[in-house]
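Please look through the chain shown below and follow it with the report that comes after it. The report takes up single residues, then a pair of helices, and then the chain as a whole.

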Amino acid sequence: MSDGPIPYIVEPMRWDDIAAVMEIERESFPLPWSSYTYRHELTENKHSYYIVVRSRVPEVDRRVWWKRLLRLGALPIVGYGGFWLIADEAHVSTLAVAQKHRGKGLGELLLVHMIEQAMSMSAVMVTLEVRVSNHVAQNLYQKYGFVVTGTRLRYYRDNDEDAHIMTVERIASPEYRKKFADLQAALWSRLRNDAKQPAGQKAVAPL
């Protein structure tokens, strides 16, 4: 992008990221995955691809001196996501943003990166499950061409809520790539502009 980098870095999830990922996992999901699950995904699942988003602004935990020493200058993980690629289908397995960083477009940033990576790995479609009550997430997915293709009854074990299956097809087509590039450019512009706003100003969108 010609206007310079966005204020976040997206990179593959590493083994030593799991502790920070688990902090976000526990605050995001009623039935969180275990750290063992993430270690398995990173080391044993040959079909998986997991990423983290880091803020370019370092955070220091001043509450505990040894944490401060360990994290001094570190770029904090503010979100993560992952998908499984099986044949030509990318299935988004997880996507979460730290609570205090929601409303900044990071959910969209994660989705964009995963779709882009799926394209580079020759996927032709992307699919995922989403709670039927989660209209905010559904609106984001619809923005990128996902449509409801089915429902999994009582999919979520914490409350037996149904899940919509949402899918976007033909992501390798020139038409979709053009739409995707336009949406990506708009997101990059938003992320840069939000970084210039005064601290505490309310974000426009929830993801």
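Ala 87 lies in the loop between β3 and β4, where the names of helices (H or I, at least four residues) and strands (E, at least two) refer to DSSP runs numbered from the N terminus. The phi of Ala 87 is near 60°, a positive value in a residue other than glycine. At 71% relative accessibility Ala 87 counts as exposed, given that buried means under 20% relative accessible area, exposed means over 50%, and partly exposed is in between, with a 1.4 Å probe and protein chains only. This is a predicted model, in which local features need pLDDT of at least 70 and side-chain atom pairs count only at pLDDT 80 or more, while totals for chains, interfaces and linings use all residues. Residues are numbered from 1 along each chain as its sequence is written, and side-chain values use heavy atoms, with hydrogens and water left out.

Arg 154 also has a positive phi, of about 50°, although Arg 154 is not a glycine. Its place is in strand β6, residues 147-156, and with a relative accessible area of 57% Arg 154 is exposed. Another loop residue, Arg 102, is found between β4 and α4, and at 36% relative accessibility Arg 102 counts as partly exposed.

**Buried residues in the strands**

Which residues does Phe 83 touch, leaving aside its neighbours within four places in sequence? Phe 83, which is found in strand β3 (residues 77-86), is in contact (heavy atoms within 4.5 Å) with a list of residues that includes His 47, Tyr 49, His 91, Met 114 and Gln 117. At 1% relative accessibility Phe 83 counts as buried.

His 91 has its place in strand β4, residues 89-97, and is buried, with a relative accessible area of 15%. Leaving aside neighbours within four places in sequence, His 91 is in contact with Gly 82, Phe 83, Trp 84, Thr 127, Leu 128 and Glu 129.

Thr 127 in turn belongs to strand β5 and is buried, with a relative accessible area of 5%. Not counting residues up to four places away in sequence, the residues that Thr 127 touches include Glu 89, His 91, Phe 146 and Thr 167.

The table lists pairs of residues with their places along the chain and the separation of their C-alpha atoms.

| Pair | Residues apart along the chain | C-alpha separation |
|---|---|---|
| Thr 127 and Thr 167 | 40 residues | 4.3 Å |
| Phe 83 and Gln 117 | 34 residues | 9.8 Å |
| Arg 102 and Gly 79 | 23 residues | 9.2 Å |

**The helices**

Two packed helices are described by the angle between their axes and the distance between the axes. The axes of helix α4 (residues 106-120) and helix α6 (residues 174-196) come within 11 Å and cross at roughly 145°; axes here are lines fitted to C-alpha atoms, for helices over the stretch in contact, and angles run from 0 to 180 degrees between N-to-C directions. On the α4 side the contact includes Leu 109, Val 112 and Met 119, and on the α6 side it includes Phe 180, Leu 187 and Trp 188. The residues of this contact of α4 with α6 divide into 10 nonpolar, 1 polar and 4 charged, where Ala, Val, Leu, Ile, Met, Phe, Trp, Tyr, Cys and Pro count as nonpolar, Asp, Glu, Lys and Arg as charged, and the others, Gly among them, as polar.

In helix α5 (residues 135-143) the buried residues are Ala 137, Gln 138, Leu 140 and Tyr 141. These residues are on the same side of α5 because they cover an arc of only 160° around the axis, the arc being that of the directions from the helix axis to the C-beta atoms. The buried residues of α5 pack against α4, β5 (125-131) and β7 (161-169). After α5 comes Gly 145, whose phi is positive, near 95°.

**The chain as a whole**

The chain holds 6 helices and 7 strands, and from the N terminus on its elements run β-α-α-β-α-β-β-α-β-α-β-β-α. Buried residues make up 42% of the 207 residues in the chain. Among the contacts in the chain with a separation of 6 or more, 69% are accounted for by residues 24 or more positions apart.
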